[in-house]
Structure formats: C-alpha cells, structure tokens
Amino acid sequence: MHLWPGQPFPLGATYDGNGVNFSIFSEVAEQVTLCLFDDNDDETCVPLPETTAFVHHGYVPGLQPGARYGFRVHGPWDPDAGVRANPAKLLLDPYAKAVEGQVRWDPAVFDHEPGDPDGAPSALDSAAFVPRSVVGNPYFDWGDDRHPRTPWHETVVYETHVKGLTARHPEVPPEQRGTYLGLTHPAIIEHLQQLGVTAVELMPVHQFIHDGRLVEMGLRNYWGYNSIAYLAPHNEYSSYGERGEQVQEFKQMVKVLHHHGIEVILDVVYNHTAEGDHRGPSLSLRGADNPAYYRLDPADPRRYVDYTGTGNSLNMRHPHVLQLIMDSLRYWVCDMHVDGFRFDLASTLARELHDVDKLSAFFDLIQQDPVISQVKLIAEPWDVGEGGYQVGNFPPLWSEWNGRYRDEVRDFWRGADHTVAEFGYRFTGSSDLYESNGRTPAASINFVTAHDGFTLTDLVSYDHKHNEANGEDNRDGSDDNRSWNCGAEGWTDDPQILALRRRQRRNLLATLLLSQGVPMLTGGDELGRTQQGNNNAYCHDAELSWYDWETADHQLCEFVRRLANFRHRHPVFRRRKWFQGRPIMGEAATDIGWFTPEGTLMIAENWQVSYARSLAVFLNGEAIPSLGPRGERIDDDSFFAVFNASDEDLVFRLPGPTYGLEWSLALDTAADAAEDAVPNVEVDQPSWGAGTELTVVSRSVLVLRRTSPERGTPPPAAAGTS
C-alpha cells in the first residue's frame, strides 16, 4: 500500500470523496503506523509518511467510508517519565467518528506485564481484543432541520437513558428498543410532549467501554461514564449496525426530535477516560501520548492525578487536550446538530494547576467560541478533589445542576431541621447563588432526583441504600440520601404509608415545576419507577434500570402532565428575572410576598426558625418585569401557594382583600394523592374569599389562583427572601 503525504488537519480520518486522510497527534512517537482491517479482519500496516508539529499524517487514495482502522505508536517506554508507547497495542483514533466492537478483556489489552505496570512493556498483541475505529460517511440529508433554540426560561429538561427509555416499551418494535431510533417512535414523542419536555438530556452516548471488573461479575457499565472516543456515538445503541450506521441513526434521532420541537442535550464526560489508572488498559490516549493527555503526578509520573474517582484526569493544561475537547464539542453541534451539553464533574475541567479556577483556559475557550458559546451549557459543578464543590461559581454563560436545590427541597419535605429561608431561596431561583455575577434564574437547573441516587419513588420509600446487587457489599453509592421511607423500609401494603408516599411524590414534583429556574425531570419518575432502593445502579443494564411501562403509575403520570401544562400556561412560574419584593415597572403592587399561617407577612425572625415546617407565598402575575419576544408586556394570573411540610394539618388564613377578593383552587396534592383521585390541576375548583381560613393537609401543597382582583394597594413586602 502506498500512502500519500496527506494533511495534518483535520485530525482523525476524513473522507473527501476520493480517499481518506489520516492524522493523529503524538509528541512522544518516533513513528505512527496506520493499520487497516479487511472484512476477514486481516491487518495491513503502513507507517504514516509525514509529521507536522507532532501530528503524524498520511492519505490513502480510494479508501471508502466503513473502512476499519487503528494506530500503533512506536516510541520510548519509560514509565518513570510517564511515557508508555507500545506498538504491540492497537489504539483507537482519539478522533474516531465511529467505533466497531467492544473491549474483550484479556492480558493483551494492557501495555505492561501482568501485575507490573511499572516494569517491562507487554509484547502481547492487543488487536484481537480491542475495538476498531471506522471511517465515517459525512453525508446525511438533514433537510430543513434547525435547532429549536428554546429559551432557557421556557425549558423543561428530561434526563433519560437511550436504552432504558425504550428497552421495555410495548409499542416500540423489538428491533428498535434500546436504540437511537427507539427515541423517535411516536409513542415516545407523544409521551415527552405531554410532559411538556422541551429538551432530552441523554446520559453518555460517547463510545464507552464496560469495565473488566464488572464484566467478570456479569454486570455492565449501563450509565456510560467511561468514555473512550469523544466523537463517536456509542455503537450498542444502534439498530442498524456498527460500520458507521450508528452515526446516521443518531442524526436521524436528532432530526426527528427537532421536528417535534425537542432539543438534544448530551451528558459529556471530558474529565477522565476509560483507561483508568496506571494499572488500566492501553486503548487510545495512554498509548498515543500519555504525558500530554493525562494529569500525571509531578512527584511520581508513573501515577495519575485523580480528581474524578475513576483513576485519571485529563490534562486541561495541554493545548492538544483542549483542542480535542473543543473539536469534539463543535463536531456534535455542527455535524450532529445537538443543542447543548451537560458536563460531568465540570470542576475537573477548571483545574489548571490544582485549585478550581473559573477563569481557566477551558472556560476562556468556551466563552470566545462562536459555536459552543451559543448552545446550552450545563455544569455538574463539583468533582471529588479538594475544593471541588463549586455550586454557584461558574461563569455567566453556564447553567448548573443546583445540588443545593436538591438537598434543601428533600430536607424540607422530609421534615429535617433547617431555616425556611433556604427553601425560599431555592423556590425563587437561588438568587443567593447566581444573582451577584449577572446570571438569571435560568442558571439554576433545579432537580430533586437524577440518574445518580434514588428514583423519586425510592426517595419516599427508603431511608437507606440497598446496593447489594452491585457486588460491593453495599459500600458504593452515597450515604447522604436525605430520603424518608414514610414509616416502612421499601415495600409495604400499609394504606396510610402508601397514601403518604403518593402525597410526598406530588409535593416534590409540584415544588420542582413551580420553582423559578429550569426544572429537570428524571426519566421514569413520572411512571413511578423504582430501583428497589439501589441508589447507584450504574452497572445494571437490566430491568432494574429500564423503565417499566407495563406497571406505570398512570395517575402520577397524568398529574405530572397537568402540572407541566400548568407551568407552561403561567409565566409567573418561569420568570426571566429575579423577584425584587418591591414595586415593579411603576406599579404599586409588589411582585412577591411571603406569609405565615396566620396570614401575616413574614418578618426577618420568621425566616430563621429551624423548626418551621410551613409557609406561603404570593406571586403577582401583574408584576412580571420582562417583555415578550416582540416587546409586549407579560401579564398572568396571581397565585397563593401554601407549602405544609408539617406532620399535622394546619389552618392557613388567606391574604386580606388588598391581595385579592376571591381565590379558586388550582392544585391540591393531598386531594390528588387519594387512591382513586382524578388529577386536579386547574379543573373546576371551588373558591374562597379573602381572609378565609383553610385547613391544609399535613405534608401537602395547596395552590390558589386569584379570580377577583385586589382592592386597594398592598403594603410593601416585609423583609424576606427573593
């Protein structure tokens, strides 16, 4: 085979209609060999003929999409300096756009002799046990596809798993279940639309591997936080095939979701790779240029700096690492048409030296990039390193998973001691975290549950994790669940406990969807999904994790649908700007007011009572400061919401006539939680006059809508929380 010199850029394998250009960065390589595999898996190897600025490249005329390949890097073996070049190891292209196969765990996949990662290099050839990179076909008919570009304040995120969502859905054809194509089935689209979902946040779809330890136990890396190729959609989610067909299928999924107004956000794992620590396999970056791609311990370059708890951390100080990440992000936006990213353990990306630096090179690159700066950016604002908890500290372009929202809402409804001020801040968008640096309520991605931890049903059914099936003697998974089993651990047939659990689920969902900020629903919570108390089901690619559509809680699902529609109809629950607690736009009325059960405005002392379990809030729909997209003023109904997390029924007095003469019932989680109840969000409800005393059931949410305007002018709001 005769290779032409080719070009150093773009990196990876690029088909131009006549052949394929191959390019890979390695500063440690003395030579890089391109290995091509035919349909019999016979290997042909040829050195890349040119090197430009440590980028090795060559061009193969006549080669077509679907061709399978890998690289072998020839260079020094010097673990003491962190260099681990070993040509016996076939490496995935760091820029591979498609991958065929999975790792087959064998001693040959390790670059060192068994049990001696610092000793001699392994001479075992790994080609028979590792995946192949695949040359992609750049053509796809996108038609008139366009990004929905849903404004942040109108966004409802649905975190889900490509396989788990459809693996058990009876209406999805068996061959499409658990695939990208499965997400496009009309039954799935209809379900998402009825929930008011505007964006699906897909758990990792970058090509990942299944850890050897899990495979030995008969388990798999279901969640996918073990990436090995940042430009390749995971091949096991394809119903077509693995020779690049997964790329076309992923694009088809995005195109269909866009057609129905649903954005696609990817959960991306740029903080570490599947190669693990010094004992891990050599699959791609480790063999290509270990010191460039990974953070090595300055005191012992044989070892890795680990801010992620997975064995390694990418070296965000190296320009080629930053280039890989930025090229990957732009590829997913420009070529795959995705709409945003959620960055796993994002604090790791901000570590240039040791401390988290929100002005690091990575954030500078994002800020100035004309493509990535325009999509939705979500940080998981923590890692496992020192100082890694950074909620509220990311730059203005970013939204964040608000872990403090999750913790406080859970604490409030389980009855933990706290100040209601904390609940007030979380309900109104967390201005204490985000307002000072010019961010809006949309900076807060509000969630009560996520893939990591209890499902919503388990959150109200278990006090303790039950992860025995993970094979780690229940040591894995968080012990800080802030859950409450309502009186019995796990399954019970006690009708009072079951009724309380139904109410608690509705309380949590109502709080989530009525809070300012961006709500994130965890897929399956609306169906009543349970993992039997497992709060770390990352390794269960089985019915424990897949959504059970056959036994879904249809009453709960209908409640969520009505609640999401209620939020959509009323902009007072999705304001673009912060509450001020004072007259807005020259109006006499205040935009918000907080009340005690006695119907009086709360004063400073009321906010600091640790045993307080209840409060009410007036939301003025006539004092929304933002204008509509065409400059129109936004008006809405006004609401009075009561949150009673006490274990006793409480009497609440409605505000005096200055806030409204008459109120009608819009939402009552206690009534809805009755076993045979019809969901009652804004459906033909009774009404009460100003100053009426209402009994609010223990652990419930009551929302009233003003049906008769106020008389006179309410007094200024007392000191409170905005």
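Which helices each supply at least two residues of the lining of the second largest cavity? They are α8 (403-414) and α12 (495-514).

One stretch to watch is residues 712-722, where the pLDDT is below 50. Beyond near neighbours in sequence, that stretch still has 32 contacts in the model. Where pLDDT is low, though, the predicted coordinates should not be read in detail.

## Empty space inside

Rolling a probe the size of a water molecule over the atoms shows where empty space is left. Here, the structure turns out to hold five cavities of 30 Å³ or more. The largest cavity comes to about 110 Å³. It has 13 lining residues, and those nearest its centre are H161, M203, H451, R529 and Y547. Sorted by class, the lining of the largest cavity has seven polar, four nonpolar and two charged residues.

Now back to the second largest cavity, with a volume of about 80 Å³. Helix α8 gives the most to its lining, with four residues.

Pockets are open, so they are a separate matter from cavities. The second largest pocket has a volume of about 500 Å³. It is lined by 23 residues, and P151, W152, V375, K376 and L397 are the closest to its centre. The lining of this pocket splits into nine nonpolar, eight polar and six charged residues.

## Rings that pair up

Aromatic rings are another thing to look for: the count comes to 41 aromatic pairs. Take Y270 and F343, whose rings sit 6.2 Å apart, centre to centre, with 40° between the planes, which makes the pair tilted. Y270 lies in the loop between β18 (263-268) and α5 (285-293), while F343 is in strand β21 (residues 340-343), so this pair ties together parts that are 73 residues apart in sequence. Are these two residues buried or exposed? Y270 is buried, with a relative accessible area of 1%, and F343 is buried too, at 0%.

F343 also pairs with F341, again in a tilted arrangement: 6.1 Å centre to centre and 55° between the planes. Both F341 and F343 are buried. Step back and you find a cluster linked by ring pairs, made up of Y230, Y270, F341, F343, F362, F363, F394 and W398.

S347 is found in the loop between β21 and α7. With a relative accessible area of 0%, S347 counts as buried. Leaving aside its neighbours within four places in sequence, which residues is S347 in contact with? They are V356, E380, P381, W382, D383, G388, Q390 and F394. One of these, F394, also belongs to the ring cluster described above.

V371 is in the loop between α7 (361-368) and β22 (376-379). This residue is partly exposed, with a relative accessible area of 23%; that follows because buried means under 20% and exposed means over 50%. Leaving aside neighbours within four places in sequence, V371 is in contact with R330, V333 and C334.

## Helix α2 and what covers it

P186 brings us to helix α2, which covers residues 186-194. Which of the residues of α2 are buried? They are A187, I188, I189, H191 and L192. An α-helix has 3.6 residues a turn, so residues three or four places apart point the same way.

The cover over the buried residues of α2 includes the strands β14 (157-160) and β15 (199-202), along with the helices α1 (162-166), α4 (245-259) and α13 (554-569). Just after α2, G196 takes a positive phi of about 75°.

Conventions:
Residues numbered from 1 in each chain as written. Predicted model: local features only at pLDDT ≥ 70, side-chain atom pairs only at ≥ 80, totals over all residues. Heavy atoms only, no water. Buried < 20%, exposed > 50% of the residue type's maximum accessible area, 1.4 Å probe, protein only. Contact = heavy atoms within 4.5 Å. pLDDT = per-residue confidence, 0-100. 1 Å grid on protein atoms, 1.4 Å probe; cavity = no way out; pocket = protein on both sides within 12 Å on 5 of 7 lines; lining within 4 Å. Points joined across faces, edges and corners; volume = space filled by probe spheres on them. Nonpolar A, V, L, I, M, F, W, Y, C, P; charged D, E, K, R; others polar. Phe/Tyr/Trp six-rings, centres within 6.5 Å; stacked < 30°, edge-to-face > 60°.
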